[in-house]
Amino acid sequence: MISAEVLKERLSRGELIERPEEMTEEYRYELKRMLLIAGDTEFRSVPMLHSYLRVGVPQRYVKPFLAIAQDELGHAHIDYRILEDLGEDVDALLYERENSEWVYPYFFDMPMDNWYDVAVGEGLGEFAGGLLVRNVFHHCSYAPWRRALAKVDIEENFHVKFGQTLMNEAAQTPEGLAGLQRTVDWMFPLLVEFFGPPAKAADVQIEYRLKGKGTDDMRQQYLHYAVPYCQSLGLKLPVHFDEARKEYVLGFPFPCHFDVANKRWDFAKPVEWREVFARWEKRGPMAEEHLKQIRRGWRSLRAASA
Amino acid sequence: MEQSAAGAALGAQAYRALEDVMDPEFPVSVVSMGLIRGIEVEDGVAKVRLTFTSMGCPWTDWIERGIREKLLGLGGISAVDIEIVWDKPWTRQDLAPAARITLKKLGISP
């Protein structure tokens, strides 16, 4: 095992890490943490995609959604496969963890009640997920992961374009636009929250070049996409662009209270981040059903191969 | 039916234009993917013979829409008639050499 000084010196020269022997314990821990978040995010998006089929996806979009689910499983496989190389038991990760131990965006646990939820989930949600991938793909010092993300990056880009098509189509009628607005009202703040609390002064994952940007930069990057795009469709978001600071400013306390059962934000009720973390750890309304679905598939596969 | 000189020129232009229509899943055009089996233009109607990499391709509507939008944007084409053909089926041999290199760089065995 090499020392932190030697590793940081190598990384400062732009070198890439190829093998576990070249890591420090801390580097390995942070890399595994990021791989778990990435893998869980890809994997747990699939039960949500599956749930879309219940709200009446038009026939012409059924195969595309199945193809996207297949892509996401492929991406998850890459992340988990690397975790396996780093000593993790992937079957245990996938089938033995309780929901509170998974690390993926909270909005995957929300019920998708109508076609507008699906369209916005794809049009705005996929972009948020794609940013996480890009933050690693363009910067990550662990070469095996970075190489594997080339295909993931182009597929995530395409998922966003597909999602935009769904939103663009829905926005063609006043009724459709109103439907999209209702979804954006509850989903947009969740997506802003997706990137996590404000960036720490020192971020060891950036120091190790495991990623390039911190949470605030990522959030701004997201807003620079989502706000103009939504506005171009005629959707209103509680956010404005500050010309002096050259950045988007949220028009609500961040974070604030979310009434999960009714999918409503209370902008008059700011909360502490620990309350958000508690909500995340408790997981959302669909989490238990989605986990059961994953375990059911595993059990039936094992029974069939016994 | 023999194609007119003007039709042949427009057909060649249309074929080149389809180099801008990208496969949804890879950064390779539908031409370089080998999906375009033929294109003729006569009396403003573009007749495109199109195949897909598999019969279960999930993006058929998307690809057809991309082709229509591109060709209708060209002067001289007022209608696009797409015929889906499966004979002979698409294979990797249909990929253009540059497409093979692109896919290989992405870690996809062409």
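How do the axes of α5(A) and α9(A) cross, and within what distance do they come? Hello everyone, let me start there, with the reminder that this is a predicted model. The two axes come within 10 Å, and they cross at roughly 140°. That angle makes α5(A) oblique to α9(A). As for handedness, the crossing of α5(A) and α9(A) is right-handed.

If you'd like to find the contact on the screen, look on the α5(A) side for A:Leu124, A:Phe127, A:Ala128, A:Leu131 and A:Asn135. They meet A:Met218, A:Gln221, A:Tyr222, A:Tyr225 and A:Ala226 of α9(A). By class, the residues of this contact of α5(A) with α9(A) are 8 nonpolar and 2 polar, with no charged ones.

Now let's turn to another partner of α5(A), namely α2(A). Here the axes come within 12 Å and cross at roughly 165°. Angles over 145 degrees count as roughly antiparallel, and α2(A) and α5(A) are therefore roughly antiparallel to each other. This time the crossing is left-handed. From α2(A), the contact uses A:Met34, A:Ala38, A:Thr41 and A:Tyr52, while α5(A) brings A:Val118, A:Gly129, A:Leu132 and A:Val136. Sorted by class, the contact of α2(A) with α5(A) has 6 nonpolar residues, 2 polar and no charged.

So much for the pairs; next, the core. The largest nonpolar core holds 69 residues, and A:Ala119, A:Leu180 and A:Leu191 have the most contacts inside it. Two or more residues each come from α2, α3, α5, α6, α7 and α9 of chain A. Which of these gives the most to this core? It's our friend α5(A), with 13 residues.

Let me zoom in on A:Leu180. Setting aside neighbours within four places in sequence, A:Leu180 is in contact with A:Tyr116, A:Ala119, A:Val120, A:Met167, A:Ala170, A:Ala171 and A:Leu235. There is also a second, separate core of 23 residues, and B:Met33, B:Ile77, B:Leu95 and B:Leu103 are among its members.

Is A:Leu73, by contrast of topic, buried or partly exposed? This leucine sits in helix α3 of chain A. With 14 C-beta neighbours inside 10 Å, A:Leu73 counts as partly exposed. Its C-alpha atom is separated by 21 Å from that of A:Ala143, 70 residues away along the chain.

Last stop, the two chains together. Their contact takes 12 residues from chain A and 10 from chain B. On the chain B side, those touching chain A are 7 nonpolar, 1 polar and 2 charged.

Definitions and conventions. Residues are numbered from 1 along each chain as its sequence is written. Chains are lettered from A and ligands numbered from 1 in the order in which they are written. This is a predicted model: local features need pLDDT of at least 70, side-chain atom pairs count only at pLDDT 80 or more; totals for chains, interfaces and linings use all residues. A nonpolar core is a set of buried Ala, Val, Leu, Ile, Met, Phe, Trp, Tyr and Cys residues joined through C-beta atoms within 7 Å. A residue is buried if 20 or more other C-beta atoms lie within 10 Å of its own, exposed if 12 or fewer, and partly exposed in between; C-beta atoms are placed from the backbone. Helices (H or I, at least four residues) and strands (E, at least two) are DSSP runs, numbered from the N terminus. Two residues are in contact if their C-beta atoms, placed from the backbone, lie within 7 Å. Axes are lines fitted to C-alpha atoms, for helices over the stretch in contact, and angles run from 0 to 180 degrees between N-to-C directions. Angles under 35 degrees count as roughly parallel, over 145 as roughly antiparallel, 65 to 115 as roughly perpendicular and the rest as oblique. A crossing is left-handed if the near helix is turned anticlockwise from the far one by less than a right angle, and right-handed if clockwise. Ala, Val, Leu, Ile, Met, Phe, Trp, Tyr, Cys and Pro count as nonpolar, Asp, Glu, Lys and Arg as charged, and the others, Gly among them, as polar.
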